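Please keep the sequence and the model in view while reading.

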Amino acid sequence: MEIGGGVIETWLKKHRLLYTGATKHPLILSIRDGTIDFSSFKRWLGQDYLFVREFVPFVASVLIKACKESDDSSDMEIILGGVASLNDEIAWFKKEASKWGVELSTIVPQNANQDYCRFLESLMRPEVDYTVAITACWAIEAVYQESFAFCLEDGSRISPELRETCQRWGNDGFGQYCSSLQNIANRHLGKAPLDVVAKAEVVFLRVLELEVQFWNMSRGSS
């Protein structure tokens, strides 16, 4: 995660333990050290496929807010690139599911997934400020980027079968996209009213909580 003096950097220092809990969760550590139970990976694969399908309209709603509320046209271009990449992401999930024998049509969203999707729906309401929505978008993407990039660092022993998964979210290109989202969020947080900044911080913390619950669900624990 990039270093700087923005609002987000302040939050990352303030809530370091919570952020580390989401980005270095035991499931991620088990991927990194090669001890993951593949049944957990397959559970994650099916559930995350369902989540991504719900994530698409959320990111689209952020794009609409950017068009209406942002003072910088590059916001729209960056977010639009994220929307476009989700089509490839859904195709990747389908390919992986076929490879792992996961029948996506029979997957039912578990409680942690339902909670996360309801949270996304709540952020799509017109009254939710763009600053809050883009902060959530950054946080959701950043947790995955940092988690899977950690799995690719020197000293990791990831299984060959999972390397492509780690590279999908841990690659430098996705890292640059997350940095761009962070810069957008920081810019808007820096000039937002205090009540909006407070709402955005609550949303950031809720994302971390939901990410941990999603990892826990994938491991088969509550």
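## A pair in helix H6

Asp115 has a relative accessibility of 25% and therefore counts as partly exposed, a class that lies between buried (under 20% relative accessible area) and exposed (over 50%), as found with a 1.4 Å probe on protein chains only.

Arg118 and Asp115 form a salt bridge, their closest N and O atoms being 2.5 Å apart; the term stands for a side-chain nitrogen of Lys or Arg within 4 Å of a carboxyl oxygen of Asp or Glu. The two residues are three apart in helix H6 (residues 111–123), and so about one helical turn separates them. Helices here are DSSP runs of H or I with at least four residues, numbered from the N terminus.

## Basis of the model

The model is predicted, with local features needing pLDDT of at least 70 and side-chain atom pairs counted only at pLDDT 80 or more, whereas totals for chains, interfaces and linings use all residues. Residues are numbered from 1 along each chain as its sequence is written, and side-chain values use heavy atoms, leaving out hydrogens and water.

## Other salt bridges

In helix H5 (residues 73–100), Lys99 and Glu96 are three residues apart, about one helical turn, and they form a salt bridge with 3.1 Å between the closest N and O atoms. Glu96 is buried, its relative accessible area being 0%.

Another salt bridge joins Glu127 and Arg125, at 2.8 Å from N to O; Glu127 is exposed at 59%, while Arg125 is partly exposed at 41%.

## Network and count

Salt bridges also link Asp71, Asp75, Arg187 and Lys191 in a network, and the count of salt bridges comes to eleven.
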